[in-house]
Amino acid sequence: MFVAFVIRSSHQFLSEALQWRAQTDPDHVLYVLLNSKGVPVCTATCAQLHKRAEKITATLMERGGLNTGDNVVLLYPPGIDLIAAFYGCLYAGVIPVTVRPPHPQNLAATLPTVRMIIDVSKAACILTTQPLMRILRSREAAASVNVKTWPTIIDTDDLPRKRPPNIYKPPTAEMLAYLDFSVSTTGMLTGVKMSHAAVSTLCRSIKLQCELYSSRQIAICLDPYCGLGFVLWCLSSVYSGHQSILIPPLELETSLPLWLSTLSQYKIRDTFCSYSVMELCTKGLGTQTEMLKARGLNLSCVRSCVVVAEERPRLALSQSFSKLFKDLGLSPRAVSTAFGSRVNLSIGLQGTSGPDPSTVYVDMKSLRHDRVRLVEKGAPQSLPLMESGTILPGVRVIIVNPETRGPLGDSHLGEIWVNSPHCASGYYTIYGEESLQADHFNTKLSFGDPQTLWARTGYLGFIKRTELLDASGDRHDALFVVGSLDETLELRGLRYHPIDIETSVSRAHRSIAESAVFTWTNLLVVVAELSGSEQEALDLVPLVTNVVLEEHHLIVGVVVIVDPGVIPINSRGEKQRMHLRDSFLADQLDPIYVAYNM
């Protein structure tokens, strides 16, 4: 009876889960951090993580001058220090805010975002490492931001061996656990509030979906600063007890095979990555599969490889990746895409049991009218779409007309709304934009079921009832994400999704490395990165305008040819089209060639 009580109570608050694990299984290794050579540089058992968190708590209480509920920014490279600092904050009763550290070689571009999150969150203190503390106070940093007005900075590299007099326990699970800040694809910085109740129900849903328990090992190659990436890196292992092997994505830049060789070496069954990681491996290791095979790299152990994303699944990239590494034993059924948004960090996630993710073909013309018409593979104007994982336990999803707020039938494209105990509890805003809050987090349908409160994801999609059965024997509902509502292009009274036009543009010529589209006044602007010689720039213009006219019946207003790397991409590998548009309007793109078709 007593044990059952301890387990149950430990799951209400993650801070209690860690204390319970440190007591009952102190030597169990929760985390292993690898360097670029694949060597474990740091590990943390339950007891070590708990003791390190306690030291941070004692230091916060002594030096931070903090009150319960104050916000504390965690500025760390991806690693175990970040995790310990997070639990140190929970133990102290303060609210952690994880922030990606500035890039030492590019402070001018990366430090202002750090400063903005610190200012917007009204952080009372910054926890960080000695090298990062020196950067924050450096002359180079002073050129970009005001370094004299940082809140208290505490480096946690050499902590005194002290224990806090007590560990904070929140009076209710509805209280705030942490803030999650992220830059959306439209370039908006948004912070959402995650309560203790939301955190534990989210961790429980992931545990059930992925069958995570103490004897399991997973490998994570993701940025740990926001969304599901943060949840998997910092929270999930403490809740479920499985071991997480942490691979900072930056390490792949010095050692490309690192992630795949880790999967092979540790015989990993479940791994999580981002599209940027998948793209790096697909482009960089394409010619090396024979050599990797000769080295004994074997991926037949991988049962699920989940791409963590907040976008439409990239079917072509997933298929290229699967095809490329099939010779190394990777199952074509392993790769799937998860889906989360700002209002709910994890909506769909492919589990261990249940049907494989399904792919459907929809008619592109109908889609422009917000209608979903399924067609045969290979039909003219057909668009392949892959399901976004399996809807998590406890999550209800409906498709809604974003204008009328009425529920839609199967054959309509509409906004994805969710009802779930692990939804965020609202935006964290300085001036409290209550109208936006109510609109996105506590919305009711205009008819049908007027009582339930829904959260609006801001993404368009549809649900397809399938004949497949899930683990419990019920019919499986597949969720298909088509694109972000904010990024759709309204042209000639029809709705276009940028990715579809960009796919056509990238196919127009082998020298087009990447492309992005947006509208300016009523004109369609296409920005294409040229990977070949500059002499080809002029030749690309008619190819781009023709392919867009033929496949989408749209006239391109402006074609901008730029160098590779000009289109901004966030840490998840998503294009920042609005940033690109701002740079275009401010004449900051430094193009190779611009063609106006007015």
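Residues are numbered from 1 along each chain as its sequence is written, and side-chain values use heavy atoms, with hydrogens and water left out. Because the model is predicted, local features need pLDDT of at least 70 and side-chain atom pairs count only at pLDDT 80 or more, while totals for chains, interfaces and linings use all residues.

Two packed helices are described by the angle between their axes and the distance between the axes. Helices here are DSSP runs of H or I with at least four residues, strands are runs of E with at least two, and both are numbered from the N terminus. Axes are lines fitted to C-alpha atoms, for helices over the stretch in contact, and angles run from 0 to 180 degrees between N-to-C directions.

Helix α2 (residues 14-24) and helix α9 (residues 227-240) have axes that come within 9 Å and cross at roughly 55 degrees. The two helices are therefore oblique to each other; angles under 35 degrees count as roughly parallel, over 145 as roughly antiparallel, 65 to 115 as roughly perpendicular and the rest as oblique. Their crossing is left-handed, a term used if the near helix is turned anticlockwise from the far one by less than a right angle, with clockwise giving right-handed. In this contact (heavy atoms within 4.5 Å), Leu14, Ala17, Leu18 and Arg21 of α2 meet Leu235, Ser237, Val238, Tyr239 and Ser240 of α9. Six of these residues are nonpolar, two polar and one charged, where Ala, Val, Leu, Ile, Met, Phe, Trp, Tyr, Cys and Pro count as nonpolar, Asp, Glu, Lys and Arg as charged, and the others, Gly among them, as polar.

Against helix α3 (residues 46-63), α2 packs at about 130 degrees, with the axes 8 Å apart. This angle makes α2 oblique to α3, and the crossing is left-handed. Leu18, Gln19, Arg21 and Ala22 of α2 make the contact with Cys46, Ala47, Leu49 and His50 of α3. Five nonpolar, two polar and one charged residue take part.

The axes of α2 and helix α4 (residues 80-92) come within 9 Å and cross at roughly 110 degrees, so the pair is roughly perpendicular. Leu14, Ser15, Leu18 and Gln19 of α2 contact Tyr87, Leu90 and Tyr91 of α4. This contact has five nonpolar, two polar and no charged residues.

The model holds two cavities of 30 Å³ or more. A cavity is a set of points on a 1 Å grid over the protein atoms alone where a 1.4 Å probe fits but cannot get out, and lining residues have an atom within 4 Å of a point. Grid points are joined across faces, edges and corners, and a volume is the space filled by probe spheres set on the points. The largest cavity has a volume of about 190 Å³. Its lining comprises 21 residues, of which Asp223, Cys226, Gly229, Val308 and Arg572 are the closest to its centre. Ten of the lining residues are nonpolar, seven polar and four charged.

The second largest cavity holds about 60 Å³. Its lining consists of Met364, Leu367, Arg368, Arg495, Tyr496, His497, Asp500, Ile501 and His552.

Conventions
On a 1 Å grid over the protein atoms alone, a cavity is a set of points where a 1.4 Å probe fits but cannot get out, and a pocket is an open set with protein on both sides within 12 Å along at least five of seven lines; lining residues have an atom within 4 Å of a point.
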